[in-house]
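Visitor: I am new here. Please show me how to read a few features.

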Amino acid sequence: MFKRFTGILIILALGLALLIPAAAQGEALYVAPDGDDGAAGTVSDPLATPAEALERLKRSGAAEGGVVILRGGTYTLAEPLILDGAVPGGVTFKAYGDETPVFTASVPVTGFTETEVGGVRAFSVHTDLRFNALYHPDRTIRTPRYPQTGSFTVKSVSREDERFPGNKGWWDASNGCVAFYADTGEVGAGFSRPDEVYCRITHAWLDEIALIGGYDAATGRVALGRTATYEVKPGDVYWFENVFEALDEPGEWYLDGADGTLYYVPFDGETAADLTLYAPVSQYLMKIDGCSGVTFSGIRFTGSEWTLASPPEDSGTRYEYDIDAYQASTDCDAAIEIQNADSVSFLGCEFTDIGNTAVKFIKNCHGCRVENCLMRRIGSSALAIYGENVEPDAENAQEAMSGFTVKNNLIEAYGRNTYESTGVHLMYVKDSEVSHNEIHDGYYTGLSCGWIWGHDYQVTENVRITDNLIYDIGQGWLSDLGGMYLLGEQKGTVIARNVIYSVTRGHGVNDYGGNGIYTDAGSSYFTIEQNLIYDCAATGINVGGYNKDHIIRGNTVAFCKLSAFDPGRGDGLETDHTCDCYGNIFCSDNAPVLLDVSEKATYTEAGNLLWDTANGADVFGSDGYSGNYEKKTRYSFKDANRSGYMTLDLIGDPVFADPDGRDFTLLPGSPALSGSIAFEPCDFTSAGVADGESVGCGSEWEHGPVFRKSDLSAYPEACSQARFSYGALRAVRLISLWLPAALLIAAALLNAVAARRKRGVRSAKRILPVAAPLIMAALLWPLYRVFCAEWRMYAYAACLAVFMISAGAAIWLTVCRVPPRVLLIAVAVGVSFGATYLINNVLNIDVGLALGVGETVTAAVVFLCAAARAARTRGERRPSRRAGTPTGVGTNLTDHYDNAADLLFKAEADAAPRKRRVQSKED
């Protein structure tokens, strides 16, 4: 009997063992919050956790395939899901029907009782948990801030509080500041719990955040708990967070680390008995390493913790002194991290209430997709794709990140814990697409691509960034940002049909920028076309320092506060050619269209439509760094044309449908539609998530506004109304442009005067043809400015050649009588000068200015020779035309000129009898 019973048990156990793998290898494994991890994993007998489903897949031994179907409800992940190489390829995790499975790293906090804090109604509860984030099921909540709105400014900094006082480069490293002085009248008596108070300081593109190490109410000294990333200066903006005394606004919470009491100030209608908040227990939800073909569909990821970024151990000084991340939250961890993986996809998922970065691809990933996802209330960057800058001939060159698709996603309210975060950031990624995304409500850049300042090699290339809608970026906190921020040499990268507006910047010291599209230092080879950019605090399209060879065409840029277009600054590192700019509409309202041109901002342009609704044709601003608003002056199109900054462009009102309402549709009669410029209209209403596409797990979604006016009143005017004044270098260039022509014309007239005195009126008429080539050179010399972009350089060379030929002829006829081969020498000199100008592209020096000075000297020599001849002939008796023809060669300048003139007279005298005989025969 016992043996029979034992046999039955063995058979049942074997059957169960066979049943479980069979279910795993079949069509699907089902998981439900009320399931059992010992179940079969069928729809009627589901598993309880995604972790068990993963284990079943691993034990199945299948090489690929498998589907995990998740029923609606909450799955709490105290530990992150780990997907490694043991997971079969081609696995899909997806929602069951229209249900919404929720993966969370938070646990509910309940049991609140009503109390009072500082005279304000509040709820409280004791908890053993310690956390930096807390989540409300319906809205964003925060720790108390002091001041509640606005900010303070740093009063002073002592050199004694700097670890590295010799390092004053605020843009590249910290000077080791560990304290600053506040205005005691602003901060007051201090804090009851100073060891739990954070201080946040904004430095241009980064916000410093650190626990304070103490506050001295007598002196105002604020000690920082970690070394500052950048130099702290008087005037820097800062404020305090997690201040118990400031707990008085609905939606604020405070966790007393000493006794574990959680305080919360409720919104109207909330009761202590019904309140449930969610506290995170982990900053990670999932880690993927070594998988391929894994897809997640219809899942909501939420509730992860956030922590201050710590520098890596191999970062030297940063690690030794605990110096924070240096830009764009690149050191922040992510709720979901993926590496060494191919074809990982997130389709129709949601990422909400995430403490750090939501999704981060770290290295060696290919062919991955993030599509139709909702990313909302994200602590750092929403989506970070951070590859490695692998050299093309390296052994691991195949690990270069490629083939990403980021499409039809709605990204909003990102960077809530670390302000310097981006909506989408691609670093060292190639052959990818970012299209039809809506990105808004961030304190730093909306979309960033590339990660090299300068012209060193980087992997990034062939990225198509198209049809995205980006707005409400910056919001007055950080600076040196853009709706779209681009870096490095990126051959084949295209920025097209994007709509970018309402990009603003901070208000403290070193606060500048706030551009629509910003190609920062060393960016090169971008094609930027058919984008709509408006209402930016700085420039619509800003070509940064030492950029080269961009194509900027067909864009509409309007109503930006500083300027519509900045072609690049002359900062001593400019390349020979920053961009080709043509067929654009550049419109402003009491701000320049073009700004910050310089002697080395060598761009080419043609066929653009330019207009300032407040000043008409006065559409240009002077050169100088864009942060120095007080140094700007305005000057006219005529001035800009003379300076060569704009040539074959059209001044005129583009005739928008509703410029005040920001509808930039062109009405009939617009100069942009006349064919006078090379503008191609574009339907900008298609930017953002494409019509008919869903976003997230069935959440309500509404296409963001495309045409909306932004308030830029808080930002200074770009330029004063002073007229443009030439600097010393530009004055020399202007003189070298016109003075040679004036001297040549004057020399021709003096030659004519001298000839008239010497040989009479008729000889004077015959000397005038000698002046013809000189006058032609005088006219051609400035005309090269009107040639269109790609031909202007060659036109200049041709004008130089004509000038040198004319100058050579003038010297020959004025100075000495020599064979005509002198003209060939003049031609050679002209060609040499023209070739010298052409190789300006190689030498990257202002050869044009040097040539201009040389040509001025040449023309001056011609003029002095003619003036000397005119002086010698003054008072002399004019000889008779019937006098004999003199012979011989003179020995001075006057004799040389006389001999040349006498030869002309002799030829005329010999021809006169023949003319009379011919006339007689005809009679």
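Guide: Start with residue classes. Ala, Val, Leu, Ile, Met, Phe, Trp, Tyr, Cys and Pro count as nonpolar, Asp, Glu, Lys and Arg as charged, and the others, Gly among them, as polar. This is a predicted model: local features need pLDDT of at least 70, side-chain atom pairs pLDDT 80 or more, while totals for chains, interfaces and linings use all residues. Residues are numbered from 1 along each chain, and side-chain values use heavy atoms, without hydrogens and water.

Visitor: Which residues line the second largest cavity?

Guide: Rolling a probe the size of a water molecule over the atoms shows where empty space is left. A cavity is a set of points, on a 1 Å grid over the protein atoms alone, where a 1.4 Å probe fits but cannot get out; lining residues have an atom within 4 Å of a point. The second largest cavity is lined by Asp-207, Ile-209, Leu-308, Ala-309, Asp-324, Ala-325, Cys-332, Thr-418 and Glu-420. That lining has 5 nonpolar, 1 polar and 3 charged residues.

Visitor: Which residues of helix 2 are buried?

Guide: An α-helix has 3.6 residues a turn, so residues three or four places apart point the same way. Buried means under 20% relative accessible area (1.4 Å probe, protein chains only). Helices are DSSP runs (H or I, at least four residues), and strands are too (E, at least two), numbered from the N terminus. In helix 2, residues 50–60, the buried ones include Pro-50, Leu-54 and Leu-57. Gly-61 follows helix 2, with a positive phi near 75 degrees.

Visitor: In what order do the 4 strands of the open sheet run?

Guide: Two strands pair if DSSP finds at least two bridges between them. The order is 8-9-18-17, with antiparallel pairing. Strand 8 and strand 17 are the edges.

Conventions
1 Å grid on protein atoms, 1.4 Å probe; cavity = no way out; pocket = protein on both sides within 12 Å on 5 of 7 lines; lining within 4 Å. Buried < 20%, exposed > 50% of the residue type's maximum accessible area, 1.4 Å probe, protein only.
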